[in-house]
Amino acid sequence: MRHDLYLEIYRAAVSLVVGETLADAWALARAAWPTIDETHDDGADACVLDLDDRAVVLLARGADPDVLAHEAVHVAAWILQARGMPFSFKNEEGVAYLVQWFVHYAAPLLVRLTPSSSA
């Protein structure tokens, strides 16, 4: 499943690609972006790629909230770097805003896709 997000204020495009497993997310991403090749490392738990002037976040269905938060920081760093802005303590409020924006939209998608545990 792919969800495209756009943050107007930064003119930033972010795509969230969620697969049943991370390998499935990689397969979905490779189908959407044929430029993904062997130079991209698919050994991580999740990742953020820089593709076609957008950040592409790959996650497995049911990814833990801490993984989402981790990737959100990479998304914030990507947006700032792509717009020629420094990533530092001097702009931590902007970084916090970007992390919050991404988590606000991505978390409900992951919750919806995460199987409920049977007790």
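This is a predicted model: local features need pLDDT of at least 70, side-chain atom pairs count only at pLDDT 80 or more; totals for chains, interfaces and linings use all residues.
Two strands count as paired if DSSP finds at least two bridges between them.

Select its four strands: they form an open sheet in the order β1-β2-β4-β3, with mixed pairing. β1 and β3 (47-51) are the edge strands, each with a single partner, so one side of each has no neighbour in the sheet. From one strand to the next the twist averages 25°.

Now select β1 and β2. The two run antiparallel and are joined by six bridges. Within this pair, H3 stands opposite L16 in β2.

α1 (residues 22-32) lies across β1, β2, β3 and β4, at about 130° to β2. α2 also packs on the sheet, where it touches β2, β3 and β4, and its direction makes about 170° with that of β4.

Stay on α2. Its 18 residues reach 25 Å from first C-alpha to last, close to the 26 Å expected at 1.5 Å a residue. Colour the buried positions of α2: L68, E71, A72, V75, A76, W78, I79 and L80. After the helix comes G84, with a positive phi near 70°.

Which residues touch the most other members of the largest nonpolar core? Select V14, L16, I79 and F102, out of 26 residues in that core. Two or more residues each come from β1 (2-7), β2 (12-19), β4 (54-60), α2 (65-82) and α3 (92-113). α3 gives the largest share, eight residues.

Centre on V14: beyond its neighbours within four places in sequence, its contacts include V75, I79, W101 and F102.

Finish at a second, separate core of 13 residues, among them W33, I36, C47 and L51.

Notes: Residues are numbered from 1 along each chain as its sequence is written. Side-chain values use heavy atoms; hydrogens and water are left out. A nonpolar core is a set of buried Ala, Val, Leu, Ile, Met, Phe, Trp, Tyr and Cys residues joined through side-chain atoms within 4.5 Å. Buried means under 20% relative accessible area, exposed over 50%, partly exposed in between (1.4 Å probe, protein chains only). Contact means heavy atoms within 4.5 Å. The expected span of a helix is 1.5 Å times one less than its number of residues. Axes are lines fitted to C-alpha atoms, for helices over the stretch in contact, and angles run from 0 to 180 degrees between N-to-C directions.
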